[in-house]
Amino acid sequence: MSSEQQLVEILRRAIGDESILRSNQVAALDPGWDPGNTGAGVAVRPRDTAEVSAVLKACNEHGIPVVTHGGRTGLAGGAVSTAGQIIMLTERLQGGIAIDPVEQVAVVSTAVSQQALQEAAAEHGLSLGIDTASRGSATIGGMISTNAGGMEAFRHGMMRQRLLGIEAVLADGSVISDMTRVPKANEGYDLKQLFCGAEGTLGVVTRAVIKLEPAEPESNTTLLAVPGAASALRVMRSIQESGGLLLCEMMWHGYATRVANATGLTNVLSFCDDAPAYLVVESTLDEDPLLALFEPFFETGDVIDAVMAKSKSESADIWRIREDSQAAYQQLKNPALFDISIPLGKLDSYMQNLQQRLDAMDGDISLQALAHLGDGNLHLSMGREAPWSTREKTALGMAVENGVKEMGGAISAEHGIGLAKLDIFDRNTSDTSLVAMRAIKTALDPKGILNPGKVLPA
Ligand SMILES: Cc1cc2nc3c(=O)[nH]c(=O)nc-3n(C[C@H](O)[C@H](O)[C@H](O)COP(=O)(O)OP(=O)(O)OC[C@H]3O[C@@H](n4cnc5c(N)ncnc54)[C@H](O)[C@@H]3O)c2cc1C
């Protein structure tokens, strides 16, 4: 392992002293969502693709591992770094945001935050087509590298579907620059898609061309109490058929009440505080047509009760309960997080079976769940008083993954593999697929300097 002084000297020769952060400065950085992110002693802040290239070339020559950081909101440990590694901070990458309203594309530096791009697009009557609760900090580079999804993915797809062009630096410093601006481009293997979801293991993404969507119309927020996912899906389809559905997020009772308690917003759920689950709907329908649409569902029991936000602040309170997942996680002792996708028709049975498996393991495990309903994407968090042993952690993972692949679901939906899901990924991926993935990694990063130990199980 190289000493801090050796790393600094190699970087200084590559791009100069001014771009280097030493261990005391790295320790002062906000680690973001994983305390292990800032474990490396040295960080570098290149200003453009050429500087990223110079850093990677030098690191490759000396076999120094590089962990790239965007907004550090990743939830799978993909940005965790350790001593002897270098953190590549994308924050100073120049280029900003250039929007072409005719083509409806944005050409951006990957340092740009999701929210900055959303706001810039809105000025042209356009939208990014992706929205996550981490919008203030998550960067476009991080979103490409984790193939972010979020609440609009059921209408516009994930980051993969938004990506038209890319500039990325490979481990040896060579640059793939393919800033294509058109959606139809069949020009051999689609290399840009390799970087999407690669979590910094195949290259550092410095610039991108992003497809935009027409701006979202004016909308209103409704909170519905529902008995379960099958009912929620019937309601969702009905609003979808009316053409007015923008967002549809589901929260099971445990999650919603925990966040409501933690944020002092219990009044939001007071219209029906013992419902098995809640549905947050953002739609373009006004109150009367919406009530008419819900009417038959009250009769069938698919909707237990519903309230419509009467003001922006009531809408914000409803959305705070859905989005402030941190408030829920912080109250959990020994939290374990999972992010999976289940085919829509099987959501209720999966949740029931999972609860039974958890009860059989330990009656003290508390389960909280929310879903990007349209994608069947479940975010599960579990906690209990006693810490998990390694064996229990594995058993927990196996309880979650049970039957998921067989039913056509996915054991990692939108947060990536990082470090957190290496074992669950290993257990659920065929040898053939892993061999092919390792061959790609070796071809692009033969010395294995890019984010070693992430994504691909050893
Ligand atoms: C409150 C909250 C809500 C969230 N909601 C959602 C959600 O709804 N949907 C969703 O998909 N995710 C969600 N996330 C997860 C997270 O915001 C996304 O994974 C996001 O895309 C990470 O972006 P980042 O800039 O923070 O990346 P980081 O956390 O900095 O990095 C994530 C990974 O990408 C790599 N990386 C970062 N930038 C680059 C680059 N330029 N080139 C190469 N590799 C790079 C890193 O090495 C790391 O492996 C949420 C997170 C939080 C905290």
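Q: What makes Gln 114, Leu 117 and Ala 121 the buried residues of helix H4?
A: In this predicted model, a residue is called buried if 20 or more other C-beta atoms lie within 10 Å of its own. In helix H4, residues 114-122, the residues that count as buried are Gln 114, Leu 117 and Ala 121.

Q: How do you know that the buried residues of H4 line one face of the helix?
A: Look down the axis of H4: its buried residues fall within an arc of 70 degrees, so they line one face.

Q: What do the buried residues of H4 pack against?
A: They pack against strands S5 (97-100), S6 (105-109) and S7 (126-127), and against helix H5 (140-146).

Q: Why is strand S14 called mostly covered?
A: Count the buried residues in S14, residues 277-283: 7 of 7 are buried. Ala 277, Leu 279, Val 281 and Ser 283 point one way, while Tyr 278, Val 280 and Glu 282 point the other way, and all are buried.

Q: How do you know that S14 pairs with S12 and S13?
A: Two strands pair if there are at least two bridges between them. S12 (residues 220-226) is joined to S14 by 7 bridges, running antiparallel, and S13 (residues 245-252) pairs with S14 over 7 bridges, also antiparallel. Take Glu 282 in S14: Thr 221 is its bridge partner, and Leu 247 stands opposite Glu 282 too.

Q: What radius of gyration would a compact globule with 458 residues have, and what does the protein chain have?
A: The globule would have one near 23 Å, and the protein chain has 23 Å, which agrees.

Key: Residues are numbered from 1 along each chain as its sequence is written. This is a predicted model: local features need pLDDT of at least 70, side-chain atom pairs count only at pLDDT 80 or more; totals for chains, interfaces and linings use all residues. A residue is buried if 20 or more other C-beta atoms lie within 10 Å of its own, exposed if 12 or fewer, and partly exposed in between; C-beta atoms are placed from the backbone. Helices (H or I, at least four residues) and strands (E, at least two) are DSSP runs, numbered from the N terminus. The arc is that of the directions from the helix axis to the C-beta atoms. Two residues are in contact if their C-beta atoms, placed from the backbone, lie within 7 Å. The radius of gyration is taken over C-alpha atoms; the globule rule is 2.2 Å times the number of residues to the power 0.38.
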